[in-house]
Amino acid sequence: MKTIRKIDIKPAILQVLFFLLFPMALMAQITNIPDPNFEQALIDLGIDSDGEVNGQVLTSDIETVVTLNLNHVQISDLTGLEDFAALEILDATGNSLTSLNVSQNVALRELYCSSDSAGFNMMITSLDLSNNVNLEVLYAENLIFLETLNLKNENNAILTVELSCGYEGEPCELTELTCVTVDNAAAATSNRPPYSNWYIAADFIYSEDCSLGVSSFEDQGFYIQQNPVGEKLGLVSKTFSGKTTFKIFNSEGRLLSIQDLLFEEQVSLDVSNLSNGMYFLNLSDENGNVAVKKFIKE
């Protein structure tokens with residue numbers, strides 16, 4: 001009598017199904033895009049392949065995108081940006097963002113994130129670029145709500161920054177931002193390369209760790225009475241006294257003038273011969289006090 005062997009085909013079927021379905025599962029990986037304006041922009045750019053605003057996009061559609069132009073498309077939430085693994089250039093100018101997280105976009109080389117006067121205010125309070133080691137350009141105008149800026153990415157040597165404020169010729173102020181974190185605070189403060197290529201039109205303190213806290217501008221030794229300045233630059237100080245040397249450098253770090261004056265709490269410098277632009281004032285007195293501060297000539 002022959003013995004009939006029962007063959008359990010379930011494992012074999014499961015194995016076949018696994019190999020059939022696993023590639024489909026990989027293809028079906030999605031990235032959530034909760035902001036409909038962000039997703040509509042991806043559709044308009046031909047990136048979101050399903051062409052529907054449904055709160056998601058295939059990850060395979062976005063992970064190879066190199067350039068992303070989101071200029072003035074009324075986005076308030078960039079959730080999903082973290083999956084743009086190959087992103088090198090991002091323009092998010094003129095949106096209504098309250099936050100901008102590019103820490104996962106390690107290939108990023110250029111970032112444009114300005115506010116403007118067309119009713120779209122970038123309400124970003126914090127910008128941390130410490131993980132963006134390939135960053136070469138940061139262009140950020142009119143971020144009047146910005147409180148913290150971390151540019152310490154161990155590669156400031158390749159980075160150029162423009163952080164200015166002004167709408168259609170009318171100046172504004174970045175009053176919330178007092179300290180900028182950089183790789184080399186001493187070089188940044190004295191406007192040495194690579195920081196001599198940066199244009200930051202405000203009077204910030206540079207530090208390699210702003211979280212430690214900073215003193216007020218008055219506590220740094222002196223303050224400029226009015227900045228931007230006209231023909232006269234007025235200075236007030238309770239730290240500097242006696243014979244003091246005043247050196248003025250242009251934005252490229254070239255020495256333009258040297259003056260020796262007696263500093264007794266207040267002093268006024270004639271800057272009427274300077275063209276409009278950004279300058280650096282270096283002070284050193286006979287007591288060994290030294291300080292550097294930026295000013296704008298108008």
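## A walk through the predicted model

The protein averages a pLDDT of 83, and 82% of the residues score at least 70; pLDDT is the predictor's confidence in each residue, from 0 to 100. This is a predicted model, so local features need pLDDT of at least 70 and side-chain atom pairs count only at pLDDT 80 or more, while totals for chains, interfaces and linings use all residues. Residues are numbered from 1 along each chain as its sequence is written, and side-chain values use heavy atoms, with hydrogens and water left out.

Start with the overall picture. There are four helices and 19 strands in the protein; helices (H or I, at least four residues) and strands (E, at least two) are DSSP runs, numbered from the N terminus. Of the 298 residues, 39% count as buried, where buried means under 20% relative accessible area, exposed over 50%, and partly exposed in between (1.4 Å probe, protein chains only). Among contacts with a separation of 6 or more, 52% come from residues 24 or more positions apart, a contact being heavy atoms within 4.5 Å. One stretch to treat separately is residues 214–219: pLDDT stays under 50 there, and the model has eleven contacts beyond four places in sequence for it.

Thr31 sits in strand 1 (residues 30–32) and is buried, with a relative accessible area of 2%. Its side chain makes a polar contact with the side chain of Thr59 at 2.9 Å. Polar contact here means a pair of N or O atoms within 3.5 Å; within protein, one must be able to donate a hydrogen and the other to accept it, and residues adjacent in sequence count only if both atoms are side-chain atoms. Leaving aside neighbours within four places in sequence, Thr31 also touches residues including Val57, Ile62 and Asp83.

An α-helix has 3.6 residues a turn, so residues three or four places apart point the same way. After the helix comes Gly46, whose phi is positive, near 75 degrees.

Next up is an open sheet of four strands in the order 6-8-12-14, with parallel pairing; two strands pair if DSSP finds at least two bridges between them. Strand 6 (126–128) and strand 14 (205–207) are the edge strands, each pairing on one side only. Inside the sheet, two bridges join strand 8 (residues 148–150) to strand 12 (residues 179–181), and Asn150 has Thr181 as its bridge partner.

Thr181 turns up again among the contacts of Glu208, which lies in the loop between strand 14 and strand 15 (223–224). Glu208 counts as partly exposed, at 38% relative accessibility. A polar atom of its side chain lies 3.1 Å from the backbone nitrogen of Ala185. The C-alpha atoms of Glu208 and Asp183 are 6.0 Å apart, although the two are 25 residues apart along the chain.

Finish with the hairpin. Strand 18 (residues 277–285) and strand 19 pair in the antiparallel sense over eight bridges, with Gly277 opposite Lys297. Four residues lie between the two strands, and Gly288 in the turn has a positive phi of about 90 degrees. Six of the eight residues of strand 19 (residues 290–297) are buried, so this strand is largely enclosed by the rest of the structure.
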